Amino acid sequence: MIDVLVAGGGPAGLATAINAALAGMEAVVVEPRPGPVDKACGEGLMPTGAAALADLGVAVPDGRPFRGIRYVDGPHRVQAEFRDGPGLGLGVRRTALHTALVHRARDLGVRVVRGRVDAVRAAGEGVRAHVAGGPEQGGSELSGPDLCGPELCGPELCGPEPCGREFGARWLVAADGLHSPIRALLGLDLPSGGPRRYGLRRHYRIAPWTDFVEVHWAPGGEAYVTPVGDDLVGVAVLSSERRTYDEHLARFPDLLARLDGPPATPVRGAGPLRQRVRRRVAGRILLVGDAAGYVDALTGEGISLALLSARALVGCLMVGRPEEYENAWRRLSWRSRLLTAALVRARRHPPAARMIVPAARRLPSVFGAAVRSLA
Ligand SMILES: Cc1cc2nc3c(=O)[nH]c(=O)nc-3n(C[C@H](O)[C@H](O)[C@H](O)COP(=O)(O)OP(=O)(O)OC[C@H]3O[C@@H](n4cnc5c(N)ncnc54)[C@H](O)[C@@H]3O)c2cc1C
């Protein structure tokens, strides 16, 4: 029986495994996608997230520091620096972040298994999880005829008892993302209500023109721009309207005029963004990262929260009080949930939405305090 089985090799899952390994526990991560894993993301890591990465001993070789947040709405602009706070933010490609996290995890002895957790059940003092999927990512101890490939495994091909492999663990951590299949299996989803919002992102091969993350506001959507390399910027658009990436971007003519380099990556999307969750602890199964619940990408803190909650989760396991993770998660995330929900609510009402940037400009200390609280 391993100590911690982690379903999902995104930032939340890998950070959980690294924290567990640092605490002397045996951790295995199950991830269906081959690395380096990419994802629709604005890729701006807030200063607390960047600091949490450093605390884990994760070295991100590529990336570009940013020193604050700038809001832009036509002629109105307002910016605030993170100064006096915990340092700089980090713009970093998800592929670079994934590679750095996997290296650190492997150095600490964490096994990363290629596959998908598709069934879980309580078993005595632990949990058993069925993993369907392909061979282990680098490494050999789990490859072989007893581990089926994606083309072999699945109820349609294998009958009611799909082949694959079962893992026994003292704890299962569901870090399987926004639409967490494990959360759904456990019946922990709640109806989200409100308009559904979606995010799309693409990169442009151009030199960043600023060391701020810029959030551009337009009727019906936001675009946010993150410098992620010396010649690369990421542009994510968020909206409740289902349109193509180019249609969204056309609403930001000033921004569009700056994006004169060729697109460097295909468009990737995610959503609906808002996910409400009944609770984050179900016996020996705990939810972390987006799987634990999500409001919106508008304030760009998902990765930072994932890293901080992973640390809190492992802390609760270490002292044998997993139930305390629920409150720890609430304490860590309430400020961000409140602010993000308020912005998204204001967004829904066009007169209020038009006032967001001008009001922030008129009240720079309030805007500054909000930015530093996110940091
Ligand atoms: C458009 C957009 C912009 C964003 N911008 C920012 C930003 O600028 N800054 C920021 O901090 N955050 C941002 N976020 C949020 C951020 O992307 C997420 O909060 C972050 O990825 C959460 O990490 P995670 O590990 O919980 O989930 P993920 O990164 O989604 O990882 C989950 C992993 O679980 C795997 N998985 C799924 N099902 C299973 C299964 N059954 N078994 C095993 N594995 C499974 C998936 O393959 C995936 O790799 C943004 C999000 C969006 C959509």
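This is a predicted model: local features need pLDDT of at least 70, side-chain atom pairs count only at pLDDT 80 or more; totals for chains, interfaces and linings use all residues.
## Two helices side by side

Let's start with a pair of helices. Helix α1 covers residues 11-22 and helix α3 covers residues 94-107; their axes come within 9 Å and cross at roughly 20 degrees. Angles under 35 degrees count as roughly parallel, so α1 is roughly parallel to α3. If you look at the way they cross, the crossing of α1 and α3 is left-handed.

Which residues make the contact between α1 and α3? On the α1 side you'll find P11, L14, A15, A17 and I18, and on the α3 side L97, L101, V102, R104 and A105. Sorted by class, the contact of α1 with α3 has nine nonpolar residues, one charged residue and no polar ones.

## A helix tucked inside

Next up is helix α2, residues 47-55. Seven of its nine residues are buried, so α2 is largely enclosed by the rest of the structure. The buried ones are P47, T48, G49, A50, A51, A52 and L53.

What covers those buried residues of α2? The cover includes strand β3 (44-45), strand β7 (89-91) and helix α8 (302-318). Just after α2, have a look at G57, which takes a positive phi of about 80 degrees.

Now find V173, which sits in strand β11 (residues 165-174). Is V173 buried or exposed? A residue needs 20 or more other C-beta atoms within 10 Å to count as buried, and V173 has 32, so V173 is buried.

Leaving out residues up to four places away in sequence, V173 touches V4, V6, A7, T16, L286, V288 and L313. Then there is R284: V173 and R284 are 111 residues apart in sequence, yet their C-alpha atoms are 8.4 Å apart in space.

Let's begin with the loop between β2 and β3, which holds P36. A cis peptide bond joins G35 and P36, with omega about -5 degrees. Another cis bond runs from G271 to P272, where omega is near -10 degrees. P272 is in the loop between β17 (268-270) and β18 (276-277).

Back in the loop between β2 and β3, you'll also spot E43. The phi of E43 is near 65 degrees, which is a positive value in a residue other than glycine. Where does E43 stand on burial? It takes 20 or more C-beta neighbours within 10 Å to be buried, and E43 has 29, so E43 counts as buried.

Technical notes:
Residues are numbered from 1 along each chain as its sequence is written. Axes are lines fitted to C-alpha atoms, for helices over the stretch in contact, and angles run from 0 to 180 degrees between N-to-C directions. Helices (H or I, at least four residues) and strands (E, at least two) are DSSP runs, numbered from the N terminus. Angles under 35 degrees count as roughly parallel, over 145 as roughly antiparallel, 65 to 115 as roughly perpendicular and the rest as oblique. A crossing is left-handed if the near helix is turned anticlockwise from the far one by less than a right angle, and right-handed if clockwise. Two residues are in contact if their C-beta atoms, placed from the backbone, lie within 7 Å. Ala, Val, Leu, Ile, Met, Phe, Trp, Tyr, Cys and Pro count as nonpolar, Asp, Glu, Lys and Arg as charged, and the others, Gly among them, as polar. A residue is buried if 20 or more other C-beta atoms lie within 10 Å of its own, exposed if 12 or fewer, and partly exposed in between; C-beta atoms are placed from the backbone.
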